[in-house]
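Trainee: Could we go through this model together, one question at a time?
Mentor: Gladly, here it is.

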Amino acid sequence: MVRTTVFLMVLAAPSKVDLAIPTAWALLRQTEWMITTRLRRWWRALAYLALELLASIISMGLFMVGAVLTPLLLFSGGWLIAPRAVAVLRWWTTKARLRVARYSGVPLAAEYIPIPKNPSFEERLRLVFSRTTGRDSLWLVAHGLLVPIITLLCIGLPLSALNSLLIPSYWYLLPPDQPVSSLYPVTSWDGAAWMVLVGVGYAAVSWWLIPAAAMGLTWIQARILALPSKSSLVERVTALTASRAAALDAHAAELRRIERDLHDGAQNRLVGVVMMLGLAERTLEKNPEDALPHVRRAQQAATEALAGLRTAVHDIHPPILDELGLEGALSALTGRSAIPCLLTLTELHRVPAALESASYFIIAEALTNANKYSAATEVTVAVSRGQGSSGSTDKLLISVEDNGRGGAFERPGGGLAGIRRRTAAFEGVVEFDSPAGGPTTVRVELPCGW
Amino acid sequence: MRVVIAEDDALLREGLSLLLKSEGFDVIAAVDNADDFLAVLDDADAAVLDVRMPPTFTNEGLQAAREARRRRPGFPVLVLSAYVEDRYAGELLSEGAAGLGYLLKERVGKVAEFTDTLRRVAGGATVMDPEVISQLMSRRGASDPISTLTPREREVLGLMAEGLDNLSIGARLVVTETAVSKHIGNIFQKLQLSTMDRGHRRVLAVLAYLRS
C-alpha cells in the first residue's frame with residue numbers, strides 16, 4: 001500500500017504543470033483509493049475465512065462428538081445431559097452469529113426459549129426437538145463439513161499464486177526426478193516462465209474469489225442462523241402461553257398472599273379490638289373499675305392492626321418505588337439490611353414498572369433470606385442492564401450474594417420459591433447456588449425488551 | 001358448660017377465653033391447632049373453632065369440626081371465620097345441622113349475643129351468620145323454590161337459619177308470634193316440606209336454603 005502511494009506521487013509530480021494532468025491525477029487518486037480499499041477488504045475477507053476455518057474445526061469436532069454420542073445416549077442417560085448439550089450448541093451458534101455480525105456489520109438476533117433449571121422429561125423432549133435446536137444442528141453440520149473445504153481452497157489460492165510466482169527462482173534446485181508439480185511438472189526454464197502466468201491467474205482468481213467466498217459464507221450462515229421463521233414464532237407462542245400462565249399463577253398466588261395477610265393480620269387484630277371493646281363494655285356494666293385493661297388491650301390491638309395494614313399495603317406496591325424509582329428504592333432497601341450491604345448499580349435506563357416492582361421484591365426476598373438464615377457479615381447486591389447468559393436480548397441482571405454459611409434450599413412457599421415465581425412471570429431465569437459453607441448466590445435475569 | 005377454644009391467633013385466643021370465663025363458661029382448654037383440640041374433645045360440652053389454623057391455614061377448623069362430630073355425633077361446634085363462605089356452611093351442615101354454628105369472627109364483640117348463640121348451639125340449635133344468609137339470597141336463581149318466597153318470608157327464613165325461635169323472630173321483626181307462624185307455614189309450603197315432622201322442618205327449611 002505504501003509503495004503504491006509513493007508510485008502515484010511520482011507520477012503525479014508533474015501534474016501541476018500540465019492542464020490535462022489534474023483529471024489524470026483525480027483518476028489516479030480514485031484508482032489508488034479503490035485499490036487500497038479493495039486490498040483492505042480482501043485482507044479482511046481472508047482473515048475472516050481463516051477464522052472460520054479454525055471455528056469450523058471446532059464445529060466438526062462438536063458434530064462428531066454429537067453424532068457418536070447421540071445414538072448411544074438415546075438409550076442410556078442421554079436425556080439427562082440433553083439440556084447441557086443444547087446449551088453448548090446455543091453457545092457455539094451464538095459465537096458464530098457474533099462472527100457473522102462482525103464481518104457483515106448486520107447484527108443477527110437470536111431468541112431462545114430459556115432452558116428450564118430442572119427440566120421435566122417433556123421439557124427435555126421439547127428442547128431437543130425444538131425448531132431452534134434443529135436449526136442450530138443444521139448449521140453445525142454445514143459449518144463443520146463445508147466450511148473447511150471452502151476456506152482451505154480460498155486460503156490456498158493466494159499461497160499457490162505466491163508459490164507459482166516463486167517457481168522460476170527455485171525449480172532448478174529440486175532433484176530432476178521430483179520436480180515441483182503445480183498444474184504441470186516444471187522441468188525447464190520455459191515451464192517455469194509459464195508458471196509466472198499461472199501464478200498471476202491464481203492471484204486474479206483469489207483476488208475476486210476470497211471476498212466473494214467470505215460474503216457467501218456470511219450470507220448463507222445468516223440465512224441458517226437468523227430468526228424468525230414461522231415455526232419459531234409458534235414455539236415462541238407456546239413459551240409465551242406458558243409464561244402467561246406463570247404470570248397468572250404468580251398473580252393469583254400474590255392475591256392469596258395479600259388476602260391471607262389481611263385476614264390473618266389486620267383483620268384478626270380488628271376482631272381483637274372489637275372483642276376487647278365488647279369485654280370492656282360488659283365489664284363497665286358490671287364493675288367499671290376493671291374495664292381499663294380491656295380498653296388498653298383494644299387500643300394495642302388497633303395499633304397492631306394499623307401496622308399490619310401498612311405492611312400489607314407496602315407489599316402490594318412499595319410506595320417508595322414511585323417516589324425514588326428503582327435505584328432509590330434499592331438504596332433504601334439495602335440500607336435497611338441488618339447485614340452490611342454493598343449495592344452496585346449500573347445505568348438501568350427506563351425499566352417497565354412491573355419489572356421494577358418484581359426486581360424490588362426479588363431483592364427484598366433475597367435480602368430477607370440472607371438476614372434470616374445466612375449468618376453472613378456482608379451482602380453484595382448488583383443490578384445492571386445487559387445481555388444475559390443466553391441469547392442477546394436486553395436483560396435486567398440481578399445478583400445477590402452473601403458470605404454466609406450457605407446450605408440454603410428451596411421450600412414451597414419460601415422466599416426462594418417466591419423469587420422463582422416472580423421471575424417465571426417475566427420469562428426470566430433464576431440461578432441459585434448455596435453450597436454448604438457458603439457463599440449463597442442468587443442470580444436473576446429478567447427480560448426487558450418488551 | 002365446659003368449652004374448648006381452638007384459635008391460632010394468640011390475642012384472640014386469650015381474649016375469647018377471658019370473655020367466655022367472665023360470662024360464666026368453664027374454658028377447659030384454649031389451643032392453637034386442630035390436633036390439640038381433638039385430644040381434649042371428650043372432656044368438653046362444646047367447642048369454639050377458628051376455620052383457618054396451622055399448618056395450611058385453609059380450613060383446618062372445618063375439618064376438625066367434622067372429625068369431632070364424627071367421633072361424637074351431635075357435638076356442638078361454633079365455627080368462627082374471618083369471612084363467610086356459604087360453601088363452608090353447606091359442608092358443615094351436610095352431615096347434620098343440630099348443634100352447629102357458623103359466625104363471622106367480629107360477632108364476638110356483641111358479648112351478650114355471642115354467648116347467647118353459643119348457649120343455643122350447645123343446646124342443639126343451628127345458627128348461621130346473617131352474612132351467610134344474605135350471600136345465599138343474592139345467589140339464588142329464578143328456578144329455585146327460595147325465589148318464590150316474599151321478602152318478609154325470606155327475612156323469617158333468615159332468622160330461622162340464625163337459630164331463633166318464633167317468639168324471638170317476632171320480637172326482631174316487630175310482629176306477633178302468630179304472624180311469624182303464618183310466614184313459616186307459607187315457607188314450608190313453598191319449599192314443599194311435609195307438615196308431619198314438625199321438629200325437623202325448621203332445620204330442613206334452613207338446609208333447603210343452604211344447599212344449592
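Trainee: At roughly what angle do the axes of α7(B) and α9(B) cross?
Mentor: In this predicted model, the axes (lines fitted to C-alpha atoms over the stretch in contact, with angles from 0 to 180 degrees between N-to-C directions) belong to helix α7 (residues 151–161) and helix α9 (residues 177–190) of chain B. Helices are DSSP runs of H or I with at least four residues, strands are runs of E with at least two, and both are numbered from the N terminus. The two axes come within 9 Å, and they cross at roughly 95°.

Trainee: Why are α7(B) and α9(B) called roughly perpendicular?
Mentor: Angles from 65 to 115 degrees count as roughly perpendicular, under 35 as roughly parallel, over 145 as roughly antiparallel, and the rest as oblique. The crossing is at roughly 95°. Therefore α7(B) and α9(B) are roughly perpendicular to each other.

Trainee: Which residues of α9(B) does α7(B) meet?
Mentor: Contact needs C-beta atoms, placed from the backbone, within 7 Å. From α7(B) come B:Arg152, B:Glu153, B:Val156 and B:Leu157, and they meet B:Val180, B:His183, B:Ile184, B:Asn186 and B:Ile187.

Trainee: Is B:Asp50 buried or exposed?
Mentor: B:Asp50 lies in strand β3 (residues 46–50) of chain B. A residue is buried with 20 or more other C-beta atoms within 10 Å of its own, exposed with 12 or fewer, and partly exposed in between. B:Asp50 has 27 such neighbours, so this residue counts as buried.

Trainee: What does UniProt annotate at B:Asp50?
Mentor: The entry is unreviewed, and such annotations may be inferred rather than shown by experiment. Its record for B:Asp50 reads "modified residue: 4-aspartylphosphate".

Trainee: Which residues touch the most other members of the largest nonpolar core?
Mentor: A nonpolar core joins buried Ala, Val, Leu, Ile, Met, Phe, Trp, Tyr and Cys residues through C-beta atoms within 7 Å. The largest has 72 residues, and helix α7 (residues 230–286) of chain A gives the most, with 10. Touching the most other members are B:Ala47, B:Leu49 and B:Val79.

Trainee: How many residues does helix α1 of chain B give to the side that touches chain A?
Mentor: The contact takes 17 residues from chain B and 16 residues from chain A. On the chain B side, helix α1 (residues 10–22) gives the most, and its share is six residues.

Trainee: Which conventions apply here?
Mentor: Residues are numbered from 1 along each chain as written, with chains lettered from A and ligands numbered from 1 in written order. Local features need pLDDT of at least 70 and side-chain atom pairs 80 or more, while totals for chains, interfaces and linings use all residues.

Definitions and conventions: Two residues are in contact if their C-beta atoms, placed from the backbone, lie within 7 Å.
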